[in-house]
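This report covers a core, a surface patch and a set of salt bridges. Please keep the model open while reading.

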Amino acid sequence: QVQLVESGGGSVQPGGSLRLSCAASGNIAMIYTMGWYRQGPVKQRELVATITYSGNTKYADSVKGRFTISRDNGNQTVYLQMNSLQPADTAVYYCNADQVYTSRWIFDVWGQGTQVTVSS
């Protein structure tokens, strides 16, 4: 059983910063891709950023230059540093792990989500 636990959400004023963390547990040997997605009010879930085991990253155009994704492979943890936050960034942020190897491959694991609210 693989679980993802997010932390670090909260409320911040426009222009502020937050750092999200997501720790994976469950006798994991490796995780190929980890990432962050978000779902705002009356919106579909969308990709924010992903990072592969080797460190290749991908970002949504709306967050490029403001958000930075990183990971600690030894601790099976992924981070999202969010700077210059805007009200449009308000959403529930979900951690995702794909191609997780335990004693078998497990695909597309999701965390429970953490709320980020940007408001003055």
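## Buried charge and nonpolar core

Asp89 has 1% relative accessibility and therefore counts as buried. Buried means under 20% relative accessible area, exposed over 50%, and partly exposed in between (1.4 Å probe, protein chains only). This is a predicted model: local features need pLDDT of at least 70, side-chain atom pairs count only at pLDDT 80 or more, and totals for chains, interfaces and linings use all residues. Residues are numbered from 1 along each chain as its sequence is written, and side-chain values use heavy atoms, with hydrogens and water left out.

Asp89 pairs with Arg66 in a salt bridge, with the closest N and O atoms 2.8 Å apart. The two residues link distant parts of the chain, 23 residues apart. Asp89 sits in the loop between strand 8 and strand 9, and Arg66 in the loop between strand 6 (57–59) and strand 7. Arg66 counts as buried, at 11% relative accessibility. Salt bridges with shared partners join Arg38, Glu46, Arg66 and Asp89 into one network.

A salt bridge here is a side-chain nitrogen of Lys or Arg within 4 Å of a carboxyl oxygen of Asp or Glu. The structure holds 4 of them.

How accessible are the partners? Arg38 is buried at 4% relative accessibility. Glu46 is partly exposed, at 35%. Asp61 is exposed, at 64%.

Now the core. A nonpolar core is a set of buried Ala, Val, Leu, Ile, Met, Phe, Trp, Tyr and Cys residues joined through side-chain atoms within 4.5 Å. The largest one has 31 residues. Trp36, Leu80, Met82 and Tyr93 have the most contacts inside it. Elements giving two or more residues to this core include strand 3 (18–25), strand 4 (30–39) and strand 5 (46–52). Strand 9 gives the most, with 5 residues. Strands are DSSP runs (E, at least two residues), numbered from the N terminus.

Trp105 lies in strand 10 (residues 105–106) and is partly exposed, at 43% relative accessibility.

Terms used:
Helix = DSSP H or I, 4+ residues; strand = E, 2+ residues; numbered from the N terminus.
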